[in-house]
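Here's a quick briefing to read alongside the coordinates. Have the viewer open and click along as the topics come up.

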Amino acid sequence: MFLRTLFRCICHLDRSIIQLIAAFAFVHAICPAQPTKIYQDYQLALKDSDLVYHLDCSNRSGVDMGLDKLDRLKNLEDLNLRSIQIGTLPSQLGNLERLRVLLAPDNQLQSLPSSFARLGSLEKLDLSLNNFSMIPVELLDLPTLTHLDLSFNVLDRVPQDISRL
């Protein structure tokens, strides 16, 4: 009974609506929506590079990971580098055009690579618990940055152009 009623309703639909529904069903069949996975294995993330949107490398040794290959993760949006015992971020980080969130607290960072200014999509940045003595000037060129955490650094200098931030 249900199928017969459904068929009658479909028959009364406008032809363009039926075509639209069929197109949606086709696209959904070939590109099913899947929940976004949070990768925690850096080497596996490099192998699945086109599928990686979220990477959590927290509490691991950055030296062992080879972070110089980060730019292979072209779709990366969220990156967690909390407590990975690094003193510098790789310059390749600036090639991550889609990166929106970068968490790098509790490291030994003192500066940012100049390529950092190319992170035009970056919205949230956590650099707390590091060794910055001044607010990095690279931050002044980030147009979408809305959240910045530099707490628990030893900030003793402020860039002249700080009003651009």
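Predicted model: local features only at pLDDT ≥ 70, side-chain atom pairs only at ≥ 80, totals over all residues.

**Confidence**

- The average pLDDT of the protein is 82, and 75% of the residues score at least 70.
- Residues 2-7 stay under 50 in pLDDT, and the model gives them zero contacts beyond four places in sequence.
- Residues 12-34 also stay under 50, with four contacts beyond four places in sequence.

**Overall numbers**

- The protein has 165 residues, and 38% of them count as buried.
- Take the contacts with a separation of 6 or more: 29% of them join residues 24 or more positions apart.

- The six strands form an open sheet in the order 1-2-3-4-5-6, and the pairing is parallel.
- Strand 3 (residues 78-80) pairs with strand 4 (residues 101-103) in the parallel sense, over three bridges.
- Leu79 has Leu102 of strand 4 standing opposite.

**The nonpolar core**

- In soluble globular proteins, nonpolar side chains tend to be buried together.
- Here the largest nonpolar core counts 35 residues, and Leu55, Leu102 and Phe116 have the most contacts inside it.
- Helix 3 (residues 42-47) is the top contributor to this core, with three residues.
- Beyond its neighbours within four places in sequence, Leu102 is in contact with Leu79, Leu81, Leu89, Leu93, Phe116, Leu122, Lys124, Leu125 and Asp126.

- The structure holds four salt bridges.
- Arg100 and Glu77 meet through their side chains at 3.6 Å, N to O. This pair links distant parts of the chain, 23 residues apart: Arg100 is in the loop between strand 3 and strand 4, and Glu77 is in the loop between helix 4 (62-65) and strand 3.
- Arg100 also forms a salt bridge with Asp78, at 3.8 Å, N to O. Asp78 is in strand 3, and the two residues are 22 apart.
- Glu123 and Arg100 make a salt bridge as well, at 3.7 Å, N to O. Glu123 is in the loop between strand 4 and strand 5 while Arg100 is in the loop between strand 3 and strand 4, so the pair ties together parts 23 residues apart in sequence.
- Through shared partners, Glu77, Asp78, Arg100 and Glu123 join into one network.
- Which members are buried and which are partly exposed? Asp78 counts as buried because its relative accessibility is 16%, under the 20% cut-off. Arg100 is partly exposed at 29%, as are Glu77 at 22% and Glu123 at 33%.

**Loop residues worth a click**

- Arg82 is in the loop between strand 3 and strand 4, and is partly exposed with a relative accessible area of 33%.
- Arg82 touches Ser58, Asn59, Leu103, Ala104, Pro105, Asn107 and Asp126, leaving out residues up to four places away in sequence. Asp56 is 26 residues from Arg82 in sequence, with 8.4 Å between their C-alpha atoms.
- Glu138 is in the loop between strand 5 (124-126) and strand 6 (147-149). At 17% relative accessibility, Glu138 counts as buried.
- Setting aside residues up to four places away in sequence, Glu138 touches Leu112, Pro113, Ser114, Phe116 and Ala117.

- Most residues other than glycine have a negative phi.
- Gln85 has a positive phi, near 60°. Gln85 lies in the loop between strand 3 and strand 4, and counts as exposed at 54% relative accessibility.
- Phe152 also has a positive phi, near 60°. Phe152 is in the segment after strand 6, and counts as exposed at 68% relative accessibility.

Note on methods
Residues numbered from 1 in each chain as written. Heavy atoms only, no water. Buried < 20%, exposed > 50% of the residue type's maximum accessible area, 1.4 Å probe, protein only. Contact = heavy atoms within 4.5 Å. Helix = DSSP H or I, 4+ residues; strand = E, 2+ residues; numbered from the N terminus. Pairing = 2+ DSSP bridges. Core = buried A, V, L, I, M, F, W, Y, C linked by side-chain atoms within 4.5 Å. pLDDT = per-residue confidence, 0-100.
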